[in-house]
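Colleague: Hi! I'm new to this one and would like a friendly tour. Could you put it on the screen?

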Amino acid sequence: MVTTVKSSKDGHEWFEATGEGGEQLEELAQDNARLSGSDLAALAEETQQVIWGEFVGSGPMQSDKAWVTIRAVDSTFYEIDTDDETVLSKISSTYKDVRTGDTTITSWLSDRSGE
C-alpha cells in the first residue's frame with residue numbers, strides 16, 4: 001500500500017516524490033492505493049527521489065497484516081518497521097548507515113507546522 005506520512009497534528013499529511021514515477025506514487029498515496037510488488041518496483045524505476053511517503057507491505061496469505069513498513073522522512077532517512085529478521089539483515093548489508101531504535105521517531109513531524 002502506498003500512503004501519506006501522517007503528522008501528529010490532525011489533517012497534516014504528506015507524500016512527495018520526484019520523477020514521472022513519483023508523480024504517479026503521489027496520486028496513489030492520496031487513495032491509500034494497494035498495488036503489487038512488481039508494480040511498485042516499476043514505479044520506483046521511474047522515481048528519482050521519495051521525500052515523504054509511506055509504503056506498507058503485506059504477505060499474500062496475510063493481506064490485512066503489515067509485514068514491513070517503510071517511511072521516507074524529509075528526504076533525510078527511512079524508518080523501517082518489521083519483525084522479519086531477513087528484511088533487517090538485507091537492509092543492513094545493503095546500506096552503510098543503518099541505526100536501530102526502539103520507537104518510531106515522531107519529532108520531525110512537528111517541525112512542519114508551517115505547511
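Predicted model: local features only at pLDDT ≥ 70, side-chain atom pairs only at ≥ 80, totals over all residues.

**A buried glutamate and its partners**

Colleague: Thanks! Where is Glu79 placed?
Modeller: Look in strand E7 for Glu79. Helices (H or I, at least four residues) and strands (E, at least two) are DSSP runs, numbered from the N terminus.

Colleague: Which residue forms a salt bridge with Glu79?
Modeller: That is Arg71, and the closest N and O atoms of the pair are 2.3 Å apart. A salt bridge here is a side-chain nitrogen of Lys or Arg within 4 Å of a carboxyl oxygen of Asp or Glu. Arg71 and Glu79 are both buried.

Colleague: Why would two such side chains meet at all?
Modeller: In general, side chains of opposite charge can pair when their charged atoms come close.

Colleague: How many salt bridges does the count come to?
Modeller: Three. Another one joins the side chains of Arg71 and Glu54, at 2.6 Å from N to O. This pair links distant parts of the chain, with Arg71 in strand E6 and Glu54 in strand E5 (residues 49-57), 17 residues apart. Glu54 is buried too, because its relative accessible area is 14%, and for Arg71 the value is 16%.

Colleague: And what does Arg99 pair with?
Modeller: Arg99 forms a salt bridge with Asp97, where the closest N and O atoms are 2.9 Å apart. Here Arg99 is exposed, with a relative accessible area of 67%, and Asp97 is exposed as well, at 55%. Elsewhere, salt bridges that share partners join Glu54, Arg71 and Glu79 into one network.

Colleague: Let's zoom out. How many helices and strands are there?
Modeller: The chain has four helices and seven strands. Read from the N terminus, the order is β-β-β-β-α-α-β-β-β-α-α. Of the 115 residues in the chain, 30% are buried.

Colleague: You mentioned E6 and E7. In which sense do they pair?
Modeller: Strand E6 (residues 68-73) and strand E7 (residues 77-82) pair in the antiparallel sense, over six bridges. Two strands count as paired if DSSP finds at least two bridges between them. One place to look is Thr69, which stands opposite Asp81 in E7.

Colleague: What about the turn of that hairpin?
Modeller: The hairpin has three residues between its strands, and there Asp74 takes a positive phi near 50 degrees. Asp74 is partly exposed because its relative accessibility is 42%. Ser75, in the loop between E6 and E7, has a positive phi of about 55 degrees although it is not a glycine. Ser75 is partly exposed, at 35% relative accessibility.

Colleague: New topic, the surface. Which residues form the negative patch?
Modeller: Glu20, Glu23, Glu27, Asp31, Glu45 and Glu46 form it. Patches are made of residues with over 30% relative accessible area and no salt bridge, joining like charges within 9 Å and nonpolar side chains (Val, Leu, Ile, Met, Phe, Trp, Tyr) within 5 Å. Helix H1 (residues 20-30) gives the most to this patch, with three residues.

Colleague: Where does Asp31 lie?
Modeller: Asp31 lies in the loop between H1 and helix H2 (37-45). Asp31 counts as exposed, because its relative accessibility is 63%.

Colleague: Which residues make the nonpolar patch?
Modeller: Ile70, Tyr78 and Ile80 make a nonpolar surface patch of about 250 Å². The areas come from the Shrake-Rupley method with a 1.4 Å probe. You can find Ile70 in strand E6.

Notes
Residues numbered from 1 in each chain as written. Heavy atoms only, no water. Lys, Arg positive; Asp, Glu negative; His and termini not counted. Charge placed at Lys NZ, Arg CZ, Asp CG, Glu CD. Buried < 20%, exposed > 50% of the residue type's maximum accessible area, 1.4 Å probe, protein only.
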